[in-house]
Amino acid sequence: MGGLSKNSVYWGGYGVVMATALMAGCLAMASTAPLLVVAALVAVAAAMFPALWSPRTAHWVPVIVLGTCAVSQVATFVFQGPVAGEAETWWLVESVGLMVLMVPAVRRPRGRTALVLTVLLTATITELPLRMVLRVDPPANFEQAVKLCLAWLLLAAAANGTGCYLRVLDARGSAALAAERRTQRLELARDLHDFAAHDVTGVVVLAQAAQVLVDQDPKRVGELLTRIEEAGRQALSSLDRTVHVFTGDDAATVRHGRHAGETADAGGDALRPRPRDLDGLKALTDRFARTGGAAVRLDLADGALADLPWRVSELGYRAVVEALTNVRRHAPGASEVCIAVSRAPYGGMDTLSITVIDDAPNVGSEEDSGEPGEPERLGGGTGLADLQRRAADMGGELAAHPHPSGGWRVSVLLPLVASGPGSGNEQDRPNG
């Protein structure tokens, strides 16, 4: 449109239409009562007023409707005839204008205001035939007048129904938008919990270790500071990646675990985004070992990660991240974490099996957990609970409980053929 805004186009078209209508009205006043022409022009001007149709300018609706109805009512009860020239044509034009005006009057204002405006417009439209049938020569009888008024009442009801339908669509759209925003907020919170919190927890653990060693072994503090810097940079990378997803920066690519320049190489730049699926498992465990006090033993069966659906790979990665985060938070005495990934049959389906076991001593109490010797390892968050729900939605399961030989065990079973809700999602594509 040559740089013209949509608003300018609307107002320009409105000006052209109204100029044409005014010219026609001026020509018609020579043979038609000016009051009828003015009432019709006001109705047309109100019905086509651009601001009337914008949700952002709904405050104009009551003012315009009240003014238009007032002019129409005056014309109906003041006009004494005769019905001559193009009076019927302008009467029909006014009727159509008022019916069009009914739509934004029902659609835009709040409930009570819309109800009042609807009643006012319906009464105005229903009374319009009286202006003509009582002024023709000979005038119509009572029965004819009532029938014509009822016909106009039905037309007003049809216009009212159109406005109600559009109002319902607007309400559904607003509800859908609110639900989408809530989903995005939950997804953002999940990403921050699963990834950024994991790296921040590493920073906290290393900082606590540095405080202990600052007097005992100052040389090791320098090494810890380097590891703290690496963990902090990784946390910034997680935050940066999450922001990219929700600002639309190659969001579709990031959502499927691929981003320009990303790497799973543990020796790469920590600020470069990494895959958030099991392709990044080795880098995750290496980074955990460098920034935590526990060693990590990764037992990866041959072919376990081959051709994984994206949803399975992504959820499996999140489960490992959550398990390692809980080790940092609740098992400072752990010296080793064992992670095993393999394929296993479950419920007649081929599944991906992941187990994460640490060797921290179980030193909890009955008061803490309700069972003797069971440590309070689930924390106060919703990480594992959310992962359990998501795993169940996919037809799998996630369990977390004390290990018989000590420590804590997190186990995940995820079917490789989607069987839960949303199995047709476009994310169910092979990984890698």
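User: What is a salt bridge, and how many does the structure hold?

Analyst: A salt bridge is a side-chain nitrogen of Lys or Arg within 4 Å of a carboxyl oxygen of Asp or Glu. Side chains of opposite charge can pair when their charged atoms come close. This is a predicted model, in which local features need pLDDT of at least 70 and side-chain atom pairs count only at pLDDT 80 or more, while totals for chains, interfaces and linings use all residues. Residues are numbered from 1 along each chain as its sequence is written, and side-chain values use heavy atoms, leaving out hydrogens and water. The structure holds eleven salt bridges.

User: Which residue forms a salt bridge with R131, and which helices do the two lie in?

Analyst: R131 pairs with E94, and their closest N and O atoms are 2.5 Å apart. Because R131 lies in helix α5 (residues 111–133) and E94 in helix α4 (residues 87–107), the pair ties together parts that are 37 residues apart in sequence; helices here are DSSP runs of H or I with at least four residues, and strands are runs of E with at least two, numbered from the N terminus.

User: Are R131 and E94 buried or exposed?

Analyst: Buried means under 20% relative accessible area, exposed over 50%, and partly exposed in between, with a 1.4 Å probe and protein chains only. R131 counts as buried at 1% relative accessibility, and E94 counts as buried at 0%.

User: Where do E336 and R297 lie?

Analyst: The side chains of E336 and R297 meet in a salt bridge (3.8 Å, N to O). E336 lies in strand β2 (residues 336–346) and R297 in strand β1 (residues 295–300). E336 is partly exposed at 31%, and R297 is partly exposed at 46%.
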